[in-house]
Number of protein chains: 2
Amino acid sequence: MNLTTEFTRIFGVKYPIVQAGMAGSTTPELVATVSNSGGLGTIGAGYFTAEKLEDEITAVQELTDLPFAVNLFVPGGQLYIPENVEKMQAWLKPYRRALDLEEPVVNIDEQQKFNDAIDIIIEKGVPVVSFTFGIPDAEVIEKLKARNIKVIGTATSVEEAIANEQAGMDVVVAQGSEAGGHRGAFTESDNGQTPMIGTMSLVPQVVDHVNIPVIASGGIMDGRGLTASMALGAQGVQLGTAFLTTDESGASNLYKNAIENSIETDTVVTKVFSGKPARGIKNAFIEEMNEYNDEIPDYPIQNQLTNPIRKKAAKEGKEEWTHLWSGQSPRLARAIAAATLVENIIKESSDLIK
Amino acid sequence: MNLTTEFTRIFGVKYPIVQAGMAGSTTPELVATVSNSGGLGTIGAGYFTAEKLEDEITAVQELTDLPFAVNLFVPGGQLYIPENVEKMQAWLKPYRRALDLEEPVVNIDEQQKFNDAIDIIIEKGVPVVSFTFGIPDAEVIEKLKARNIKVIGTATSVEEAIANEQAGMDVVVAQGSEAGGHRGAFTESDNGQTPMIGTMSLVPQVVDHVNIPVIASGGIMDGRGLTASMALGAQGVQLGTAFLTTDESGASNLYKNAIENSIETDTVVTKVFSGKPARGIKNAFIEEMNEYNDEIPDYPIQNQLTNPIRKKAAKEGKEEWTHLWSGQSPRLARAIAAATLVENIIKESSDLIK
């Protein structure tokens, strides 16, 4: 096994370590530190306005000359059902009242925001874009590739990985069921379930069915996880939870503490925060809203409806009412500098391999 | 990394490969072949009568002088609720009618059967016993250890692994959520859910919290899985699905074909067959019975109620009405001799490690 892979060569990075696009928790310092440490930092731009995206890219570029990525959410075919939104507004009223919040106005024009983001990325010369929630239109991918911008897709099954390869992605992230935060799934079975395949199963099956490099994600926190992923045939790893507790992460202390005090059985996959399945530490909001599980408005509607509640709850120290995304390995989280994390992972892996 | 571990030394086996106790699908030929190939074969005795257990042990002992194990189900505190059993009998009537079957009589005295099995194991000089569904009483473990019989426990969380170590188990199997067949869980959260932690997350967290050797299971099918597990800190692996499709397995051709024709998204975890959660390929029986999910009698009651249906359905080629246990890596299944499987895994792993 070798830590120099086709992935590190194509992307021009020293180590096969990608910091996940943890939307809401990345900072320019985190992204640049990861890249300066030899990995691939990622701006989690899923929720950004055009202005914010431009500012963040500029800030990262001031801190590093090395490759970094921007992660975007691919707009889907969400349905706006007024009746469902009204119902949800009513169910959320007690939280808003307790936090002294008004009802937010919903805006579902994600496509324009996405197109603008692509233009900004091209204009600012960002070297890598990664996608979650699906595959963008062929013309978007062509536009990026014509400018030599590398593209990374996300898959939670072999079928999704093959679709990413066929769409022209340079590499694909195989996201196992252990992963924290949003599931990248964009296919579902007859009963509406999205794939939940463990990393140990998903990675080798994906590797066997695509020719592009595969990046493993889900439950990977240290050199053991990196080495295991390489053994499974991956050419790199993507880590989210592990970077959330680093000094440079944008996660609040409340959020970091929640991860550091959790155990592997504390997380659940829920749609109640955003309308899309995501893994986080279970709390009162998840339990209380769970009874409306079949009537939750589609992403990004539910996301916008709950966002002010989650933000204010986090600010006021109410961890029971905010999202606490985490993978299934919180016991392995380390509260250290991001550079030290990258260094430790490489050292731990090198010790195992030799 | 080294394939000679504390586990292989303590158990006197050449390779760190355990064939799982796939109750209903092991044969003396499979168990002996695995042991003769350098791994640890296991008689899946969970459903055996005393007579059958004695016969199978004798048959294995005629085929090998090397160590092998017997896997037992630890009796739990199941509840017999006559009303629920009556309801289930009514729901199962259409299947019985179609298959021309009588209603079975339920017998829940698992404790006596378990005690008899322990006595037989001691009498016949079986070198290893593994346990699923919990931890037996201290006196059972003492009795076995006094005769130098090695004991293996099963855990699906760190808490369960620690309980196994404290009970005196020589090693513990960490069963990830990818695993096929019955979940070995014996703890649940407030909402009645048993742990579903992916192998990539579970193994290193368990390794960090116990001092006994850890055997990884869940999604492991080849040398990549073995090497990955060793990197995560395991001292061996346990494989079920991978051995189910070998020539010596007791699985029917119907069952083998179902695994070979499945993909990673085809399995679900269900209680409808036995009353305990188990992972299998989804079919009509699971889908149809799923609506009664909250009223399924405890194991072993449900197991006994559905058993004749599953047996006869399998015999008649109705794969829609029988259990088709499988982990999440069916694409990696190989229809080969068990000895070749063990050989291949070791070769693949050695190639990766060097």
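Me: Which residue forms a salt bridge with Lys52(A), and how far apart are the closest N and O atoms?

Reply: In this predicted model, the partner of Lys52(A) is Glu56(A), and their closest N and O atoms are 3.2 Å apart. Both residues belong to helix 3 (residues 50-63) of chain A, where they sit four residues apart, about one turn of the helix.

Me: How many salt bridges are there over all chains, and what is the count between chain B and chain A?

Reply: Over all chains the count comes to 20 salt bridges. Between chain B and chain A the count is two. Take Arg224(B), which forms a salt bridge with Asp208(A); here the closest N and O atoms are 2.9 Å apart.

Me: How do I read the way two copies of a chain are related?

Reply: Two copies of a chain are related by a rotation about an axis and a shift along that axis. In this structure, chain B is superposed on chain A by a rotation of 180° with 0.0 Å of shift along the axis, and the RMSD is 0.0 Å. That is the relation of a two-fold axis. The same surface serves both copies, with 100% of the contact residues of chain B recurring in chain A.

Me: Which residue of chain B comes closest to the rotation axis?

Reply: Ala228(B) does, with its C-alpha at 1.9 Å from the axis.

Me: What is the area buried between chain B and chain A, and what part do carbon and sulfur atoms give?

Reply: The buried area is about 3000 Å², and carbon and sulfur atoms give 58% of it. Met200(B), Gln205(B) and Arg224(B) supply 22% of what chain B buries against chain A, more than any other three residues. In terms of contacts, 39 residues of chain B meet 39 residues of chain A.

Me: How do I read the packing of two helices?

Reply: Two packed helices are described by the angle between their axes and the distance between the axes. Take helix 4 (residues 82-99) and helix 13 (residues 301-315), both of chain A: their axes come within 10 Å and cross at roughly 5°. Angles under 35 degrees count as roughly parallel, and helix 4 of chain A and helix 13 of chain A are therefore roughly parallel to each other.

Me: Which residues meet in the contact of helix 4 with helix 13 of chain A?

Reply: From helix 4 of chain A they include Val85(A), Met88(A), Leu92(A) and Arg96(A); from helix 13 of chain A they include Leu305(A), Ile309(A) and Lys312(A). The residues of this contact divide into nine nonpolar, three polar and two charged.

Notes: Residues are numbered from 1 along each chain as its sequence is written. Chains are lettered from A and ligands numbered from 1 in the order in which they are written. This is a predicted model: local features need pLDDT of at least 70, side-chain atom pairs count only at pLDDT 80 or more; totals for chains, interfaces and linings use all residues. Side-chain values use heavy atoms; hydrogens and water are left out. Copies are superposed by least squares on the C-alpha atoms of residues with pLDDT of at least 70 in both. Contact means heavy atoms within 4.5 Å. Axes are lines fitted to C-alpha atoms, for helices over the stretch in contact, and angles run from 0 to 180 degrees between N-to-C directions. Helices (H or I, at least four residues) and strands (E, at least two) are DSSP runs, numbered from the N terminus. Angles under 35 degrees count as roughly parallel, over 145 as roughly antiparallel, 65 to 115 as roughly perpendicular and the rest as oblique. Ala, Val, Leu, Ile, Met, Phe, Trp, Tyr, Cys and Pro count as nonpolar, Asp, Glu, Lys and Arg as charged, and the others, Gly among them, as polar. Buried area is the accessible area (1.4 Å probe) that two parts lose on being put together, summed over both. A salt bridge is a side-chain nitrogen of Lys or Arg within 4 Å of a carboxyl oxygen of Asp or Glu.
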